[in-house]
Amino acid sequence: MTVSGFTFNAFSENTYLLHDATGQCVIIDPGCYERAEQEALRSFIEKQGLQVVLLLNTHCHIDHVFGNQFVVDTYKVPFLIHEADLATLRSVPAYAPSYGFARYTPAEPTGFLTPGEPLRFGETELEVRFAPGHAPGHVIFYHAPSSTVIGGDVLFQSSIGRTDLPGGDHATLIASIKSQLLTLPDETVVYPGHGPATTIGQERRTNPFLK
């Protein structure tokens with residue numbers, strides 16, 4: 001499995017494409033708001049000859065959902081989130097204009113993710129892990145064969161997700177990190193929702209929030 005990443009919008013949010021040798025592709029957290037960002041994503045997919053088969057959100061804060069409707073309209077694919085983040089998703093239109101994003105177009109999920117139930121595309125199987133604390137319905141996606149996890153806004157390089165937003169809770173977030181991320185092998189690469197990739201081992205050793 002290959003991970004391709006883009007950094008989009010004013011929040012410097014990381015959007016990820018997962019694809020394998022079959023050419024099938026999953027888009028996670030499309031943050032593309034501006035037309036140029038949407039075109040960059042579409043152009044990459046076209047040039048790589050990828051077939052988009054699924055849209056996923058790790059969670060539904062504004063910076064991670066800007067491009068949901070674009071992806072749904074362009075590729076006509078299922079859109080899945082954890083049901084506990086449905087209210088988070090539906091709250092975005094009310095506050096998007098105050099952040100300067102008056103052109104945000106909401107998309108409704110077509111189904112819900114079930115932690116522990118594998119997601120399959122092409123030759124790839126992803127494990128869905130429930131990791132609330134930053135958002136009530138936050139999930140992460142783990143691919144054991146490539147030692148890869150798409151972690152959203154749970155764990156960052158030398159930091160953790162904020163917990164002062166609606167539905168956030170610090171103790172819950174720390175518990176999620178310890179049970180869902182620190183239980184993975186040290187060599188596991190964490191692709192976060194913002195900033196550079198890191199590894200479980202590095203964060204276990206050096207992250208000041210986990211001491």
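**Close-up 1. Surroundings of His-134 in the predicted model.** His-134 touches His-59, His-61, Asp-153, Gly-161, Arg-162, Leu-165, Gly-168 and Leu-173, leaving aside residues up to four places away in sequence, where contact means heavy atoms within 4.5 Å. The model is predicted, so local features need pLDDT of at least 70 and side-chain atom pairs count only at pLDDT 80 or more, while totals for chains, interfaces and linings use all residues. Residues are numbered from 1 along each chain as its sequence is written, and side-chain values use heavy atoms, with hydrogens and water left out.

**Close-up 2. Polar contacts of the His-134 side chain.** The side chain of His-134 makes polar contacts with the side chain of His-59 at 3.5 Å and with that of Asp-153 at 3.4 Å; such a contact is a pair of N or O atoms within 3.5 Å, and within protein one must be able to donate a hydrogen and the other to accept it, residues adjacent in sequence counting only if both atoms are side-chain atoms. His-134 counts as buried because its relative accessibility is 3%, buried meaning under 20% relative accessible area with a 1.4 Å probe and protein chains only.

**Close-up 3. Lining of the second largest pocket.** Among the residues that line the second largest pocket are Cys-32, Phe-66, Asp-73 and Tyr-104, a pocket being an open set of points on a 1 Å grid over the protein atoms alone, where a 1.4 Å probe fits, with protein on both sides within 12 Å along at least five of seven lines, and lining residues having an atom within 4 Å of a point.

Key. Buried < 20%, exposed > 50% of the residue type's maximum accessible area, 1.4 Å probe, protein only.
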